[in-house]
Amino acid sequence: MTKFIQAIALGLVFTALFLFIGVKDVRAETSLPMRVNAPPVLLENWEYCWSEEEGAGRTEGPPHSSGDWKAADQLLNPQDRMGRSHLWLRVPLPPNKAADPGLLIRAFDNVEVYTEQGLAYRFGDWQEGRKYRYYGTPRRIVPLPENTQGMLYVHLQSESRNIGIEDGAMYGSESGFIKRMVRQEFFRAVLGVSYILAGIMAFCVFLGLRSHKVFLDFSLFSICFGIYSICRSSVVYLVFDHPAILTYAELIALFGGVIGILMFVEHLLGSGRGAYIRRAWQLHLAYSTGTLLLHACRVVSVVEIVDWYQLLLVLSMPLVIVRAAVCAMKGNRGAKLLLVGIGVICLTGLIDIFQNRLNIIIQFSPMTYLGVSVFILLLVVLLIRQFADIMLQLKRSEKLSLVGQMSAGMAHELRNPLTIISGFLQLSRKQAPDAPYLAMMSSEVNRMNEIIDDFLLLSKPVNSRFDRHEVLPLLRETLQLFDNQRKEAGVSAILEEEGAIPKIDCDPNQLKQVFINMVKNAIEAMPEGGLLHITVSALPKNKVGIRFADQGKGIEPGHLTRIGEPFFTTKENGTGLGLMVSNKIIENHAGILRVSSRLGLGTTIDIILPVHIKTA
């Protein structure tokens, strides 16, 4: 695993170098020696006019009639648009000249740039009549001819709700703009690559642990948001200038990332009542598939898809927060950590959504990137905990397998001599009934037989016969067996039921053995007396919960993590096999056994059993 992490880190470094070298090579001609880079200037004193273009949108050049031009108070969406799709902007260039002049703009949607010498730059699909074409609106570096001076003209064509230039236009050195863009957004691209590598690593873990789908969900989420982050970075256009491909990749990655989050929540915390979390990600999947098909048929535009999807995201956020909050209130540590991460990503996402829909200008980068980074960091911590728990379970399984192999031979070898010893002890007690040591020896032989029975149970598969039975009668019978022992220890017992307890599928003998172990451990944990509180309750999703709560001295936190390990016990005469056997029986009943304890307050054991067990 360490070598794999080192390989991932090395791959990240090489990827960063590749992007940096690619950026350097693609604009190598702009960094020739002897060129002087002029400081960038924000162009001012813009004017605009509208025009009606026909055919493919090609013109003989910008309109030169001075009566058509008006002073531009805003470069994005002038107020008198009235449904027109062709906008001309012009601005006088400053007198200072750059060795490699360039323009940095973010334009909606198709753009042409003219100088006094003629057409200098053209981007987009200018073919009229093609419905719902969309190529994104990244910041673009427009190279201009040398010795460019005089008036600069920008021709824009857009059939979407936005037309014009956002945040103004900067005039300066092309190479300077490239360095500035790389410096500002290179880290975002590298961060996207790191998300992808983290997702690949989680997928490799999933391949080894197929039953833990949270790693697959994290892989989907992390890889998708890594792609999303890269596509949202303007620096990627310097090495891969295909906006259409990057725009659709960004959209699909957004869909996949949100679906991955919802599936992660479902597999970690459950779907909730009515399976609303599962229905949520299924709705997102149906929306993404349906809208992409409609867009392929040119029924809806990308902008409309994103607008509607933002509303769907706003409606989905409370569902995830409620599910995490409910599980966090029940004491789920993973849910508490997940709630913090979901709160951060929802808050930052809402800021960006409202900024986009209300056209509010914020002077810092989109908050969603910060939210995603914090969320992924918290998910990594959560997955590390999950992975540690899985490794602990595997370690316990290996020990259980080893104990089973040892006990298979040892139990049979010990059973025969113990049978002979037990027979001679019974004969000796008849001859000398008053000998105290014989009763002690007989008690210890019986104890050894009980240990051998535990060994035999661990060494062979549990053959259960499931029938419909009530839990309460089994618990009452168990308490009756310990009546004398409880009274001698000064332990009182309360058996309560919460709700209508249904019959469950179980093997009554095996379940009774579990209850005997639980009651016996509770009595032994209270040598000075106390209360054993047993609660049986009906749980959601057709499950029954059984809780054993004692008032003993409790278990130390360091020992609590080792409860259930073979031969680990805090009792003088314990074997460490009782809880291990009980856990195996509960697992055979498709249930869960949990142990919690607080020093000085006692220990609580929760057993959760399904009402119905699916048998092959």
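Me: Is Cys49 buried or exposed?
Reply: Cys49 is buried, at 3% relative accessibility. Bear in mind that this is a predicted model.

Me: And Cys224, buried or exposed?
Reply: Cys224 counts as buried because its relative accessible area is 11%, and the cut-off for buried is under 20%.

Me: How many disulfides are there in the whole structure?
Reply: Zero; a search of the whole structure finds none.

Me: What is a disulfide, anyway?
Reply: A disulfide is a covalent bond between the sulfur atoms of two cysteines.

Me: Let's back up to the whole chain. How many helices and strands does the chain have?
Reply: The chain has 14 helices and 19 strands.

Me: What percentage of the residues is buried?
Reply: Buried residues account for 45% of the 616 residues in the chain.

Me: What about the accessible surface of the chain?
Reply: The accessible surface is about 32700 Å². Carbon and sulfur atoms contribute 58% of that surface.

Me: Of the contacts between residues at least 6 apart in sequence, what share joins residues at least 24 apart?
Reply: That share is 78%.

Me: New topic, helix packing. Where do the axes of α12 and α14 stand relative to each other?
Reply: Helix α12 covers residues 508–524 and helix α14 covers residues 578–588. Their axes come within 9 Å and cross at roughly 145 degrees.

Me: Left-handed or right-handed crossing?
Reply: α12 passes α14 in a left-handed crossing.

Me: Which residues meet there?
Reply: From α12, the residues are Gln510, Leu511, Gln513, Val514, Asn517 and Met518. They meet Gly578, Leu579, Val581, Ser582, Ile585, Ile586 and Asn588 in α14.

Me: How many of the residues in that contact are nonpolar, polar or charged?
Reply: In the contact of α12 with α14, seven residues are nonpolar, six are polar and none is charged.

Me: On to the backbone. What is the phi of Asn45?
Reply: Phi of Asn45 is near 65 degrees, a positive value, and Asn45 is not a glycine.

Me: Why bring that up?
Reply: Because most residues other than glycine have a negative phi.

Me: Where is Asn45, and is Asn45 buried or exposed?
Reply: Asn45 sits in the loop between β1 (41–42) and β2 (47–50). Its relative accessible area is 63%, so Asn45 is exposed.

Me: What about the phi of Asn147?
Reply: Asn147 also has a positive phi, about 60 degrees, although it is not a glycine. Asn147 is in the loop between β9 (140–143) and β10 (151–157). With a relative accessible area of 54%, Asn147 is exposed.

Me: Where is Glu174 found?
Reply: Glu174 is in helix α2, which runs over residues 174–208. Glu174 counts as buried, at 7% relative accessibility.

Me: How far apart are Glu174 and Leu144?
Reply: Glu174 and Leu144 are 30 residues apart in sequence, and their C-alpha atoms are 8.4 Å apart in space.

Me: Last one, Thr604. Which strand does Thr604 lie in?
Reply: Thr604 lies in strand β19, residues 602–610. Thr604 has a relative accessible area of 19% and is therefore buried, since buried means under 20%.

Me: Which residues does Thr604 touch?
Reply: Leaving out residues up to four places away in sequence, Thr604 touches Arg547, Phe548, Ala549, Arg594, Val595 and Ser596.

Me: And how far is Thr604 from Gly552?
Reply: Thr604 and Gly552 are 52 residues apart along the chain, with 10.0 Å between their C-alpha atoms.

Definitions and conventions
Residues are numbered from 1 along each chain as its sequence is written. This is a predicted model: local features need pLDDT of at least 70, side-chain atom pairs count only at pLDDT 80 or more; totals for chains, interfaces and linings use all residues. Side-chain values use heavy atoms; hydrogens and water are left out. A disulfide is a pair of cysteine sulfur atoms within 2.5 Å. Buried means under 20% relative accessible area, exposed over 50%, partly exposed in between (1.4 Å probe, protein chains only). Axes are lines fitted to C-alpha atoms, for helices over the stretch in contact, and angles run from 0 to 180 degrees between N-to-C directions. Helices (H or I, at least four residues) and strands (E, at least two) are DSSP runs, numbered from the N terminus. A crossing is left-handed if the near helix is turned anticlockwise from the far one by less than a right angle, and right-handed if clockwise. Contact means heavy atoms within 4.5 Å. Ala, Val, Leu, Ile, Met, Phe, Trp, Tyr, Cys and Pro count as nonpolar, Asp, Glu, Lys and Arg as charged, and the others, Gly among them, as polar. Accessible areas come from the Shrake-Rupley method with a 1.4 Å probe; for residues, only the protein chains shown count as cover.
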